[in-house]
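Work through these exercises with the sequence and the 3D view side by side. Try each task before you read its solution.

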Amino acid sequence: MRAPQIEWFVPFGQVLFGGERDTSTHDRILTFRTGAPSLIHRDADTSNPVLGLDRGVSIMAGPIGVPVSAGYVRFLRRADADALRVNLAAAVRF
């Protein structure tokens with residue numbers, strides 16, 4: 001099946017595969033009913049593969065367009081780290 005041929009309105013879909021880098025530091029203070037509070041310091045330095053599935057539409061006005069898309073992002077080695085993404089951009093045809 002094919003989308004209608006409207007020059008200024010172009011639907012699209014894309015599959016993106018890449019990676020994300022997490023370099024972070026955080027401190028946490030734990031306090032119990034008995035005893036002194038304890039400080040926990042953690043450093044994170046990880047790299048994980050990421051898969052993105054997007055769909056959207058590109059609306060063209062002459063040589064300049066506005067692609068708008070929404071999609072789903074899955075961080076493959078992290079539990080409970082999925083995300084929804086919305087993109088708004090500008091495009092220029094050459």
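**Exercise 1.** Does Ile-6 count as buried, partly exposed or exposed?

Solution. Start with the setting: this is a predicted model. Next, find the residue. Ile-6 sits in the segment before strand S1, which spans 9–30. Now take its relative accessibility, which is 37%. Buried means under 20%, and exposed means over 50%. Ile-6 therefore counts as partly exposed.

**Exercise 2.** Find which residues form a nonpolar patch on the surface together with Ile-6.

Solution. Step one: list the members. Ile-6, Trp-8, Phe-9 and Ile-59 make up the patch. Step two: give its area. Together they have about 370 Å² of accessible area. Step three: check two members against the cut-offs. Trp-8 has 49% relative accessibility, so Trp-8 counts as partly exposed. Phe-9 has 35%, so Phe-9 is also partly exposed.

**Exercise 3.** How many aromatic pairs does a search of the whole structure find? Classify what you find.

Solution. The search turns up one aromatic pair. Its partners are Trp-8 and Phe-9. Their centres lie 5.9 Å apart, and their planes make an angle of 70°. Planes over 60 degrees apart count as edge-to-face. The pair of Trp-8 and Phe-9 is therefore edge-to-face.

**Exercise 4.** Take Ser-58. Is Ser-58 buried or exposed, and which residues is it in contact with, leaving aside neighbours within four places in sequence?

Solution. Locate it first: Ser-58 is part of strand S2. Its relative accessibility is 13%. Buried means under 20%, so Ser-58 counts as buried. Now the contacts. Leaving aside neighbours within four places in sequence, Ser-58 touches Trp-8, Phe-9, Val-10, Phe-12, Val-66 and Pro-67. Two of these names, Trp-8 and Phe-9, also belong to the aromatic pair.

**Exercise 5.** Search the whole structure for salt bridges. How many are there, and where do their residues lie?

Solution. There are three salt bridges. Take them one at a time.

- Arg-21 and Asp-45 meet at 2.8 Å, N to O. Arg-21 is in strand S1 and Asp-45 is in strand S2 (residues 38–61), so this bridge ties together parts 24 residues apart in sequence. Both residues are exposed.
- Asp-54 and Arg-85 meet at 2.6 Å, N to O. This pair links strand S2, where Asp-54 lies, to strand S4 (residues 83–88), where Arg-85 lies; the two are 31 residues apart. Asp-54 is buried, with a relative accessible area of 6%. Arg-85, at 27%, is partly exposed.
- Arg-74 and Asp-82 meet at 2.6 Å, N to O. Arg-74 is partly exposed at 27%. Asp-82 is partly exposed too, with 40%.

**Exercise 6.** Describe the overall form of the protein chain.

Solution. Begin with the elements. The chain has zero helices and five strands. From the N terminus on, the order is β-β-β-β-β. Next, look at the extent. The C-alpha atoms fill a box of roughly 70 × 25 × 25 Å along the principal axes. Then compare the radius of gyration. A compact globule of 94 residues would have one near 12 Å, but this chain has 22 Å. Turn to burial: 17% of the 94 residues count as buried. The accessible surface comes to about 7700 Å², and 61% of that belongs to carbon and sulfur atoms. Finish with contacts. Among those between residues at least 6 apart in sequence, 50% join residues at least 24 apart.

Technical notes. Residues numbered from 1 in each chain as written. Predicted model: local features only at pLDDT ≥ 70, side-chain atom pairs only at ≥ 80, totals over all residues. Heavy atoms only, no water. Phe/Tyr/Trp six-rings, centres within 6.5 Å; stacked < 30°, edge-to-face > 60°. Buried < 20%, exposed > 50% of the residue type's maximum accessible area, 1.4 Å probe, protein only. Patch = residues over 30% accessible without salt bridge, like charges linked within 9 Å, V, L, I, M, F, W, Y side chains within 5 Å. Areas by Shrake-Rupley, 256 points an atom, 1.4 Å probe, with all protein chains shown as cover. Salt bridge = Lys/Arg side-chain N within 4 Å of Asp/Glu carboxyl O. Helix = DSSP H or I, 4+ residues; strand = E, 2+ residues; numbered from the N terminus. Contact = heavy atoms within 4.5 Å. Rg over C-alpha atoms; globule rule 2.2 N^0.38 Å.
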